[in-house]
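Subject: Structure for your files

Hello,

Here is the structure I said I would pass on. My notes follow below it.

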Amino acid sequence: MCGIVGYVGRTSGRADAGHTALDVVLEGLRRLEYRGYDSAGVAVVADGEISSRKKSGKLSNLLAELDARPLPEAMTGIGHTRWATHGGPTDQNAHPHLSDGGKLALIHNGIIENFAELKLELVAKGVEFASETDTEVAAALLGDIFRNKLGGDVSDGGLTRAMELACQRLEGAFTLLAVHADQPDVVVAARRNSPLVVGLGEGENFLGSDVSGFIDHTRRAVELGQDQIVTITADSVAITDFFGAPAEGKEYHVNWDPESAEKGGFPSFMEKEIHDQPDAVGQTLLGRSDIHGKLTLDELRIDPALLKSVDKIIVLACGTSAYAGQVAKYAIEHWCRIPTEVELSHEFRYRDPIVDANTLIVSISQSGETMDTLMAVRYAKEQGAKTVSICNTNGSTIPRESDAVLYTHAGPEIAVASTKAFLAQITAAYLLGLYLAQLRGNKFQGEIKDILADLAKIPAKIQRILDNEGQIKELGQSMADAKSVLFLGRHVGFPVAMEGALKLKELAYIHAEGFAAGELKHGPIALIEEGQPVFVVVPSPRGRDSLHSKVVSNIQEVRARGAKTIVIAEEGDEAVKAYAEHVFYIPETPTLLAPLLATVPLQIFALALATAKGYDVDQPRNLAKSVTVE
Ligand code: F6R
């Protein structure tokens, strides 16, 4: 969580670079605010001093503070937007934290696990603390090392050397960025288990939690490894490990453009991202097969012999990504006949799971930084499993630490609640399932080609749903007073129902639950009373073994007890009309692919209802986009 930005430009000021450090840092924070918005703060180095401002609440509060109390023009600066862990979201706990008599400023993303022990040590030395944060302890430690251990000597590394010594003492997960008044042209950063990328400019360099921190200025980025320190000046980038040994980063080109990280004329990022979905699915499918219809997943660099020997798949993910995993389970087991489990990452390693060299771990993560998933992947690797990451963020930690990656190409997802990444994850998981089926001979090439052809039609079908979104929007707006909404589904409709409920919980803050429709009579039906809204995701009536009639019976069961039913059904399914207050039709598609369509009305419903309640749909309360703490 927490977004961080750092910048150093040439000291000649705004006239040379066209912007100051503060311009760059605030723009970066605006783009990174999705990572946390409990408080925001900045520090710049100017005239041999550190000047900083920080404010609880959203970035707009900091901007108001900066209007009231402007900072001096500077070409070196750092900025932070916070998702609170240690200490509440107050001005005092906001970053930056200062030390060395106000000459050093530090910002932090992550958790310093041994902060209590370090704090005792520093208190014994006479250090006083003003906040409840672990970050202030890191700032004090760094200041103490710089001043007392290194004697404030900047000739031999100075802040960089102090950062090395500090990192050797810190435990936990952290990205740290520091500036010091005695080294005005330098930002020093360190990372362990927390994200940090470098942006390379001309006469200026950047640091960010991800590339959106500097996307307005450069597309040249450098990935850092674990336990590395980077020192940037306007003209140099030097990387070492925590012991000062030179290290290398990996340079890559960022293929996002700043416009794709903007709202594109929609009132919210979430609405834009829902409308990006035809493209997100289309891009994720692009270039995955040859002219004969044979799947070619170039990124999946795992020895085919190993993939053939896989006897179990475990999908690891959290939240929405875990629901994508549940959809994937139905498809992978059906197409590949490989037993597939889906496990919440944070539960996985605590239950002594059975994992060995024949287990394929498929992690699913939009951000690629979710700590629960990262730790689960590491655990599985230690047990000898092969790991594949389905991820939307190039260069992030989980794909880097996995044996192979299948990138989703949904583009930047800024709204905290996931929408387009979910559909792209399901698409990528289908591709993985089909690839395994092809490799292991579970499906004829012609069958795979047919499924790929069905997938290729999905973007246009999503577009049709979006073109007719008015009716579901109106329903969402009209239900702003609802206290509780239930969602039912069966087979692949079950994870869709849970995703529909999650969207409503996180956006509209109302009670919502997703159930397997067959489970209803085993307990949840007791919840139904007069007027209770119930969404039902109805499977296609076509094909063999259709569950359609069973779900229609489930609708009747809840209606008989007073429920108001809202049905998502396939075009042409006239039978459901008799049992529904509202029906929303989605285009015909094979059952296994239906989640790519059935999810969309549920997203629009949650968005409309939350908007009608006047809530900020891009930044729901208590949440952050990237959950980098366990
Ligand atoms: C819900 C949502 C979260 C994420 C979860 C995992 O809308 O976005 O439930 O899906 O925190 O995040 P990633 O996919 O980044 O690992």
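A polar contact here is a pair of N or O atoms within 3.5 Å; within protein, one must be able to donate a hydrogen and the other to accept it, and residues adjacent in sequence count only if both atoms are side-chain atoms. The model is predicted, with local features needing pLDDT of at least 70 and side-chain atom pairs pLDDT 80 or more, while totals for chains, interfaces and linings use all residues. Numbering runs from 1 along each chain as its sequence is written, and side-chain values use heavy atoms, without hydrogens and water.

Ligand site. A polar backbone atom of Q366 lies 2.6 Å from a ligand oxygen atom. The side chain of S321 places a polar atom 2.6 Å from an oxygen atom of the ligand, and for E506 a side-chain N or O atom is 2.5 Å from a ligand oxygen. On its own the ligand has 410 Å² of accessible area, of which the protein covers 89% (Shrake-Rupley method, 1.4 Å probe). The shell around the ligand takes at least three residues from each of domain 2 (267-456) and domain 3 (467-630); these bounds come from an automatic or database domain assignment.

Strand β10. Helices (H or I, at least four residues) and strands (E, at least two) are DSSP runs, numbered from the N terminus. All five residues of β10 (204-208) are buried, so the strand is largely enclosed by the rest of the structure (buried: under 20% relative accessible area, 1.4 Å probe, protein chains only). β10 pairs in the antiparallel sense with β1 (3-9) over five bridges and with β9 (197-200) over four; pairing requires at least two DSSP bridges. N205 stands opposite V8 and also opposite L200.

Regards

Terms used: Buried means under 20% relative accessible area, exposed over 50%, partly exposed in between (1.4 Å probe, protein chains only).
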